[in-house]
Amino acid sequence: MDFSKTIIRWYLQHKRDLPWRETTNPYHVWLSEIILQQTRVAQGLSYYNKFVSSFKTINDFAAATEQDILKLWQGLGYYSRARNMHKTAQVIVRDFNGIFPDNYQDLLKLKGVGAYTAAAIASFSYREPVAVVDGNVYRVLARYFGLYTDILSAKAKKEFTALAQELLDKASPDVFNQAIMEFGALQCVPKNPNCAVCALNDSCYALQKKAVQDLPVKLKKTKIKQRYLNYVIFIDAHKNTLLNKRTQKDIWHNLYEFTCLEYHKNENNTKIVQDIQHQFSSYRLNSVCQLNNEPIIHKLSHQSLHINYFEVRVDASLQNAVSVSDLHLYPFPIIIWKFIEKHFKDYFSNHLFS
């Protein structure tokens with residue numbers, strides 16, 4: 001069986017109708033590829049449409065503020081992608097007259113553009129014969145060819161990239177790259193793929209050896225760090241509150257949050273309330289009320305966040321404060337934004353979401 005021709009034939013029959021497949025514009029390809037890193041197509045599609053609508057050209061994207069970019073990105077996670085995109089857009093406008101480099105090697109030099117994204121832009125926009133290798137490609141190749149190399153190892157990247165490059169249809173690199181990724185996304189899925197209807201089932205190593213669930217091999221176990229974040233939402237008589245911009249090298253860089261008390265362990269509510277009363281007594285606290293009964297668990301790739309929210313009414317007028325009616329202007333981590341939508345809509349619906 002000719003692997004490449006079979007994959008392409010399958011793709012032409014089963015591919016999803018997606019807007020970034022209807023263009024060779026490198027700006028649109030770049031947008032879609034960065035958005036779809038760590039993000040499912042079902043979620044990423046609406047974000048892609050929002051960005052294309054809000055910033056019609058790379059010049060528009062570069063001219064936007066970082067806060068505008070982060071606000072539009074809100075909910076996608078891995079916010080360094082958005083910050084890197086903004087910097088890259090400014091470089092392209094400043095150093096390349098608003099035109100993307102037209103080859104793999106020069107694309108690699110752009111901030112936030114790794115081997116996969118550079119290969120995607122080079123092949124989809126310029127039809128350069130360079131193979132893309134993402135998680136879907138690893139899975140398809142590992143199962144079909146019986147490759148047991150740990151895909152998280154340095155050796156794997158070289159091995160799988162070399163094989164993908166060997167298989168690449170040099171006449172249609174754009175179609176082949178889309179095809180093998182789509183095959184992994186729709187047919188050769190991570191769990192319980194329907195091998196009975198697979199176009200490659202008569203020559204697939206994993207199917208013949210009953211190793212479908214064993215491949216690809218992924219040995220490293222990521223240790224999950226537990227963090228305990230307690231957000232203090234001050235509200236004064238003018239319905240103002242305090243926000244903090246996260247500028248440190250940590251999660252949610254340059255996003256906003258309420259005043260935060262972080263502990264190394266899960267403290268009881270009595271201690272947290274006492275700490276609030278002690279640390280912020282100068283605000284002339286009127287009342288302290290916890291707004292959630294149980295900690296809200298928010299899981300990131302390497303961290304598990306245990307989050308509580310406390311509303312604190314104060315008699316003092318807050319300095320350097322933000323009106324609750326303006327909260328929608330700031331980019332927040334999605335877990336905080338969901339809380340704002342739920343809690344403040346009840347109290348300030350005539351201001352916040354009008």
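## Gln-303 and its partner

Which side chain makes a polar contact with the side chain of Gln-303? In this predicted model, the partner is the side chain of Arg-227, at 2.9 Å. Gln-303 sits in strand E8, which covers residues 303-314. Its relative accessibility comes out at 14%, and since anything under 20% is called buried, Gln-303 counts as buried.

Setting aside residues up to four places away in sequence, Gln-303 touches Ile-224, Lys-225, Arg-227, Asp-250, Ile-251 and His-298.

Now for the nonpolar residues. The largest nonpolar core has 100 residues, and the members that touch the most others are Phe-3, Trp-30 and Phe-61. Helix H8 (residues 115-126) supplies the largest share of this core, with seven residues. There's also a second, separate core of 13 residues, which includes Tyr-228, Ile-272, Ile-276 and Phe-310.

Once neighbours within four places in sequence are left out, Phe-61 is in contact with Tyr-27, Trp-30, Leu-31, Phe-51, Phe-55, Ile-69, Met-85, His-86 and Ala-89.

## H2 and its two helix partners

Take H3 to begin with. The axes of helix H2 (residues 26-35) and helix H3 (residues 41-54) come within 10 Å and cross at roughly 145°, and the crossing is right-handed. On the H2 side, the contact is made by Tyr-27, His-28, Leu-31, Ser-32 and Ile-35, and on the H3 side by Gly-44, Tyr-47, Tyr-48, Phe-51 and Val-52. Sort the residues of this contact by type and you get seven nonpolar, three polar and no charged.

H2 also packs against H8, at an angle of about 145° with the axes 9 Å apart. This crossing, too, is right-handed. H2 brings Pro-26, Val-29, Trp-30, Glu-33 and Ile-34 to the contact, while H8 brings Tyr-116, Thr-117, Ala-120, Ile-121, Phe-124, Ser-125 and Tyr-126.

## Ala-122 in H8

Staying with H8, have a look at Ala-122, which is placed in this helix. Is Ala-122 buried or exposed? It's buried, because its relative accessible area is 0%. Not counting residues up to four places away in sequence, Ala-122 touches Asn-103, Tyr-104, Leu-107, Arg-127, Glu-128 and Val-130.

For a sense of scale across the model, Ala-122 and Asn-244 are 122 residues apart in sequence, and their C-alpha atoms are 40 Å apart in space.

## H9, a mostly covered helix

How many of the eleven residues of helix H9 (residues 135-145) are buried? Nine are, so H9 is mostly covered, taking buried as under 20% relative accessible area. The nine are Asn-136, Val-137, Tyr-138, Arg-139, Val-140, Leu-141, Ala-142, Arg-143 and Tyr-144. These buried residues pack against four helices: H1 (3-14), H10 (154-167), H11 (173-186) and H12 (205-208).

The two ends of H9 have details of their own. At the start, a side-chain oxygen of Asp-134 reaches to within 3.1 Å of the backbone nitrogen of Asn-136. Just after the helix, Gly-146 takes a positive phi of about 70°.

How values were computed. Residues numbered from 1 in each chain as written. Predicted model: local features only at pLDDT ≥ 70, side-chain atom pairs only at ≥ 80, totals over all residues. Heavy atoms only, no water. Buried < 20%, exposed > 50% of the residue type's maximum accessible area, 1.4 Å probe, protein only. Contact = heavy atoms within 4.5 Å. Polar contact = N/O pair within 3.5 Å; in protein donor to acceptor, adjacent residues only side chain to side chain. Core = buried A, V, L, I, M, F, W, Y, C linked by side-chain atoms within 4.5 Å. Axes fitted to C-alpha atoms, helices over the stretch in contact; angles between N-to-C directions. Left-handed = near helix turned anticlockwise from the far one by under 90°. Nonpolar A, V, L, I, M, F, W, Y, C, P; charged D, E, K, R; others polar.
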